[in-house]
Amino acid sequence: MNITHSESIKKHSNSFLRCINCQSIYSIDEILYRCKDPKCDSLIDVEQNVGKLKETKPEQWKEILGKRTISSPFPYSSGVWGKKEWVLPDIDSKNIVSLGEGNTPLTPMDRLAKEIGIGRLWIKQCGISHTGSFKDLGMTVLVSHVQSLIAKGKPILALACASSGDTSASLASYASYAGIPTIVFLPEGKISTAQLVQPLSCGAIVLSLQTDFDGCMQIVKEITSDQSIYLANSMNPLRLEGQKTMGIETLQQLSWEVPDWFVIPAGNLGNVSALGSGLQLLYDLGCISKLPRICAAQSAHANPLYLSFLKGLKEYSPVKAKKTLASAIQIGNPVSFERAVKTLRSFQGVVEQATEEELANAAARTDLHGMFQDPHTGTAFACLEKLAARGEIGKKDTVVVVSTAHGLKFADSKIAYHEGKLQLKARFQKDYIRLKADVKVIRKTLEKHLS
Ligand SMILES: *Cc1c(COP(=O)(O)O)cnc(C)c1O
């Protein structure tokens, strides 16, 4: 890569690809998942031309974003594309594949904050989305980019991903909406039925492999080394550009007041880095004047980042992920490890882990506050409880927990919890009451329960 070529890419485009290690620059239209230099072979990120974005003042940006609402013309009514200039500025809107992603609720949880012993608490409900997980935020960008590459004549035959469930549901839906064939690689027996039926019903080619997620990931990397099949995992930085809007949107909802903490469940580690990159962009553009801290929450059964954190993030070895209720983060060899380390360093990050019992109880406890949270969000809540108990998250601190999926996708495990079928102490287990259809008997029973 010669300097003049890099300069020319930077001059002629508002976003480009940059190797996170050797800093080589490539055009955004190159189909590339790792640095081209075989000696480097590192991950690549999408980089926005921040210098150009800075020509617009922070107050102007806030006004522009604030004006894009549900009644804005396509594509600006989407929570992701309402930030198009920060996400994929050069894409022609006619190639955008949107299913109305983003614009999810930020729910204040005042009663739960008191119980846990912190200042304020919100849940960013990213699972209230088209396919029921935050993966839609990134998938709209990736599939739109592919649509635009196809329009420019690139011979792409299909999109493919390895998935622990939610990625495949989201990819299959967006690609099928756009009319692009999809291939998904799933680890046999390791995802929920609701997650499996999503890509099937969207008409994807579903391959169920006798391996785990990490094994599927290895295979999809090889299958997509031929550029005719395009890789849709979050190793592909286009996904992260959409996912980074979760932090930006949260700050919008908080009237740009920065919380002390974000807590987010972490598996392949794309989301941690995406959250960080959105918040960093806000900081670089002057829209916020400090950065929050980030806690990455892992299941103790799939905890390579946690183990590395215990060693100051200096050493890393993959683990063999064990079965966990938080099946979407049952990942032992996370693809975006280096990205996440960079983020944790910039955001005074910490990593915590939760056992099966801790994460299941934490989800159930949140449900008693009107929620229906999945086991991954349960993991985040369990880690929040631990950090608050040891004072690392202070009594006055304000915290946003990112909820990554809709609880209804994980109804099986939530039913098993309340039926007492999980091998753990279910602290918030509830059962229904079987009664005769007799008003007198019912009154008596209700009196007992309400006293
Ligand atoms: C994908 C996913 C995660 C983890 O995101 P990564 O980018 O893989 O770290 C967490 N929760 C749910 C529900 C997910 O689907």
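In what follows, Ala, Val, Leu, Ile, Met, Phe, Trp, Tyr, Cys and Pro count as nonpolar, Asp, Glu, Lys and Arg count as charged, and the others, Gly among them, count as polar. With that in mind, open the structure, which is a predicted model, and follow the stops below.

**The two domains**

Begin by selecting residues 3–48, which the domain assignment of the chain gives as domain 1, and then colour residues 106–132 together with 240–418, which it gives as domain 2.

**The largest pocket**

Next, select Asp45, Val46, Ser277, Gln280 and Lys342, which are the residues nearest the centre of the largest pocket, out of the 25 residues that line it. The space in this pocket comes to about 630 Å³. To see what surrounds that space, show strand 1 (15–19), strand 3 (44–48), helix 10 (237–243), helix 12 (270–284) and helix 14 (337–346), each of which gives two or more residues to the lining. Which of the elements gives the largest share of the lining? Helix 12 does, with seven residues. If you colour the lining of the largest pocket by class, you will find nine nonpolar, eight polar and eight charged residues. Keep the domain colours in view as well, because domain 1 and domain 2 both give residues to this lining, and the largest pocket therefore lies between them.

**The second largest pocket**

Now move to Lys323, Thr324, Leu325, Ser327 and Ser413, which lie nearest the centre of the second largest pocket, a pocket lined by 19 residues and holding about 480 Å³ of space. Helix 17, which covers residues 411–418, gives the most to this lining, with three residues. By class, the lining of the second largest pocket is made up of six nonpolar, nine polar and four charged residues.

**Asn303**

For the last stop, select Asn303, which you will find in the loop that runs between strand 11 (293–299) and helix 13 (304–310). Is Asn303 buried or exposed? Its relative accessible area is 10%, and because buried means under 20%, Asn303 counts as buried. Leaving aside residues up to four places away in sequence, Asn303 touches Gln298, Val319 and Gln353. Show the side chains of Asn303 and Gln353 to see the polar contact between them, at 2.9 Å.

Terms used:
Residues numbered from 1 in each chain as written. Predicted model: local features only at pLDDT ≥ 70, side-chain atom pairs only at ≥ 80, totals over all residues. Heavy atoms only, no water. 1 Å grid on protein atoms, 1.4 Å probe; cavity = no way out; pocket = protein on both sides within 12 Å on 5 of 7 lines; lining within 4 Å. Points joined across faces, edges and corners; volume = space filled by probe spheres on them. Helix = DSSP H or I, 4+ residues; strand = E, 2+ residues; numbered from the N terminus. Domains from an automatic or database assignment. Buried < 20%, exposed > 50% of the residue type's maximum accessible area, 1.4 Å probe, protein only. Polar contact = N/O pair within 3.5 Å; in protein donor to acceptor, adjacent residues only side chain to side chain. Contact = heavy atoms within 4.5 Å.
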